[in-house]
Amino acid sequence: MELPLVVGVDGSEPGMRAVDWAADEAALRGVPLRLVYASLWERYEGAALAEGLGRSSEQVLADSIVEAAAKRAHRREVDLKISTEVLPEEPVPALLREGRNASALVLGTRGRSGIAELLLGSVSLAVAARADCPVIVLRGSHDIQADAGMRRRIVLGVGEEPENSAAVRFAFEEARERRVPLEAVRAWRCPAHESTDHPLLSGEPAHLHEQQATETLEAALRDAPAGVELRRRIVEGPARTVLLDASAEADLLVVGAQRRHGHFGLQLGRVAHAVLHHSACPVAVVPQQA
């Protein structure tokens, strides 16, 4: 059974652009698209009102939102198999549950300041930090890059444990399906406290760190599938800065996030957190079970 690509919809224009992106992605992967709207309308309008009128005004609105999203997705990808769901519950737990049986979750987020951005951003952040499947977040302040295939490049941020990494495998698959190059980026830095007086670093402390970064990058790409064009970049600097710079020329930025068994809080590293907030292109956060 093919797992669907799930997109959270909320009726906003950034949310509808996420539907466009998700429709293209689902068609590319050959999987169904599932549209989900989640809101606790009964808390505000009351179950009794909903029963007395048949449907509450919020439920009517929710139904119209998912119907409009489904029509938009069908117009974009005529042959796409689409299902919809309206859930009377909080968005975060609803989306996390949906993610247990999804190939990926796609979320839109507004590029505005203020309370609206804070609330919508908190949903995207919470889901990206806890989901069992890859979460793709589209930032609304970079609308032009929400269209697939503009830059013709997937960028992968290679972390500390790249071998058999879920993020690496996800990036390989995205590049293969889109038929675009995969640019694997590994940032490196020479800690300030290390000096040429160190017995292992005599003469070339920076060179050692650069060499280690090269070896880590090569290990990550060791099992690259045939047909995927690889581009390698070793860049000196903070990882978040290096990846944010790379995002300006990418269709998708892929990063990993460690999930530790038995830990129920937000599990999102500093680099993933930074790129989710500031990337110039959509970001895929891929969980890796520790």
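Tutor: What follows is a set of questions about the terms, each answered from the structure.

Tutor: This is a predicted model, where local features need pLDDT of at least 70, side-chain atom pairs count only at pLDDT 80 or more, and totals for chains, interfaces and linings use all residues. Residues are numbered from 1 along each chain as its sequence is written, and side-chain values use heavy atoms, with hydrogens and water left out.

Student: How many helices and strands does the protein have, and what makes a run count as one?

Tutor: There are 10 helices and 10 strands. Both are DSSP runs, numbered from the N terminus: a helix is H or I over at least four residues, a strand is E over at least two.

Student: Why is Glu-98 called buried?

Tutor: Buried means under 20% relative accessible area, exposed means over 50%, and partly exposed lies in between (1.4 Å probe, protein chains only). Glu-98 has 11% relative accessibility, so Glu-98 counts as buried. Glu-98 lies in helix α5, residues 91-99.

Student: What does Glu-98 touch?

Tutor: Contact means heavy atoms within 4.5 Å. Leaving out residues up to four places away in sequence, Glu-98 touches Val-6, Arg-34, Val-36 and Leu-87. Val-6 is 92 residues from Glu-98 along the chain, with 7.4 Å between their C-alpha atoms.

Student: What share of the contacts with a separation of 6 or more joins residues 24 or more positions apart?

Tutor: The share is 78% in this protein. As for burial, 49% of the 290 residues are buried.

Student: Is Arg-179 buried or exposed, and how do you know?

Tutor: Arg-179 has a relative accessible area of 72%, so Arg-179 is exposed. Arg-179 sits in the loop between α7 and β7.

Student: What makes the phi of Arg-179 worth a remark?

Tutor: Most residues other than glycine have a negative phi. Arg-179 has a phi near 60 degrees, a positive value in a residue other than glycine.

Student: And Ser-165: buried or exposed?

Tutor: Ser-165 is at 11% relative accessibility, so Ser-165 counts as buried. Ser-165 belongs to the loop between β6 and α7. Between its C-alpha atom and that of Val-286, 121 residues apart along the chain, the separation is 9.2 Å.

Student: Why is β4 called mostly covered?

Tutor: Strand β4 spans residues 104-109, and six of its six residues are buried. In a regular strand the side chains alternate between the two faces of the sheet. In β4, Ala-104, Val-106 and Gly-108 point one way, Leu-105, Leu-107 and Thr-109 the other, and all are buried.

Student: How do you know which strands pair with β4?

Tutor: Two strands pair if DSSP finds at least two bridges between them. Strand β1, residues 5-8, runs parallel to β4 with three bridges. Val-7 has Val-106 as its bridge partner in β4. Strand β5, residues 135-139, pairs with β4 in the parallel sense over five bridges. There, Thr-109 is partnered by Arg-139 in β5.

Student: What makes β7 covered on both faces?

Tutor: Leu-182, Ala-184, Arg-186 and Trp-188 are on one side, Glu-183, Val-185 and Ala-187 on the other, and all are buried. β7 runs parallel to β6 with four bridges, and Gly-157 stands opposite Val-185 in β7. β7 and β8 are also parallel, joined by seven bridges. Arg-186 stands opposite Ile-234 in β8.

Student: Which residues of α9 are buried, and why are they said to line one face?

Tutor: In α9, residues 239-247, the buried ones are Val-242, Leu-243, Ala-246 and Ser-247. Seen down the axis, they fall within an arc of 140 degrees, so they line one face of the helix. The arc is taken over directions from the helix axis to the C-beta atoms. Their cover includes β6, β7, β8, β9 and α10.

Student: What makes a space a pocket?

Tutor: On a 1 Å grid over the protein atoms alone, a pocket is an open set of points where a 1.4 Å probe fits, with protein on both sides within 12 Å along at least five of seven lines; lining residues have an atom within 4 Å of a point. The largest pocket has a volume of about 1,000 Å³. Of its 37 lining residues, the closest to its centre are Val-158, Gly-159, Glu-160, Arg-186 and Val-271.

Definitions and conventions. Grid points are joined across faces, edges and corners, and a volume is the space filled by probe spheres set on the points.
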